[in-house]
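Here are my notes after going through the model you sent.

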Amino acid sequence: AAKPKSKAVVVGGGYIGLECTAALLGWDLDVTVVLPGSRPLARLFDTDLASWIETEYTARGAKFLKGESVVELVPSDSGAVGGVRLKSGASISCDLVIVG
């Protein structure tokens, strides 16, 4: 189970990804949302509403990494997830990954 202050990566900035992000923030996790587009919920809302939603999530502690995608889950020494590798080559360490 994820503990408070654990690091989580949510892959996807659509409805399911943001619902999961809200829950993780409520459980006091450090959350990074990785999405390929320029804004969350791009297929559901116009730019103004999507920007407002992003601002609200950011104010609650979410970080958004836009224009990026996860290409690999990186294991920890114990074999559990330890991070993700991004298309750009960068890595993010984490304790939990949710694909939404």
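1. How much accessible surface does the chain have, and what share of it belongs to carbon and sulfur atoms? The total comes to about 5900 Å², and carbon and sulfur atoms take 56% of that. Keep in mind as you read on that this is a predicted model.

2. On overall dimensions, the C-alpha trace spans about 45 × 30 × 20 Å along its principal axes. The radius of gyration is 13 Å, which agrees with a compact globule, because a globule of 100 residues would come out near 13 Å. As for the interior, 32% of the 100 residues count as buried.

3. Now the fold. You'll find two helices and seven strands in the chain. Going along the sequence, they come in the order β-α-β-α-β-β-β-β-β. Contacts across the sequence are worth a look too: taking those with a separation of 6 or more, 49% are between residues 24 or more positions apart.

4. Have a look at the stretch from S2 to S3. Together with H2, these two strands make a right-handed β-α-β unit. S2 and S3 (residues 63-66) pair with each other in the parallel sense, over four bridges.

5. Is Phe45 buried, partly exposed or exposed? Its relative accessibility is 31%, so it counts as partly exposed; the buried class stops under 20% and the exposed one starts over 50%. Leaving out residues up to four places away in sequence, Phe45 touches Arg39, Ala50 and Ile53. For a sense of distance, Phe45 and Ser69 sit 24 residues apart in sequence and 21 Å apart in space, C-alpha to C-alpha.

6. Last stop, Ser6, in the segment before strand S1 (7-11). Why does Ser6 count as buried? Because its relative accessibility is 12%, and the cut-off for buried is under 20%. A polar atom of the Ser6 side chain lies 2.6 Å from the backbone oxygen of Lys3. Beyond residues up to four places away in sequence, Ser6 touches Leu29, Asp30 and Asp95.

Notes: Residues are numbered from 1 along each chain as its sequence is written. This is a predicted model: local features need pLDDT of at least 70, side-chain atom pairs count only at pLDDT 80 or more; totals for chains, interfaces and linings use all residues. Side-chain values use heavy atoms; hydrogens and water are left out. Buried means under 20% relative accessible area, exposed over 50%, partly exposed in between (1.4 Å probe, protein chains only). A polar contact is a pair of N or O atoms within 3.5 Å; within protein, one must be able to donate a hydrogen and the other to accept it, and residues adjacent in sequence count only if both atoms are side-chain atoms. Contact means heavy atoms within 4.5 Å. Two strands pair if DSSP finds at least two bridges between them. A crossover is right-handed if, with the strands pointing away from the viewer, the path from the first strand over the helix to the second runs clockwise. The radius of gyration is taken over C-alpha atoms; the globule rule is 2.2 Å times the number of residues to the power 0.38. Accessible areas come from the Shrake-Rupley method with a 1.4 Å probe; for residues, only the protein chains shown count as cover.
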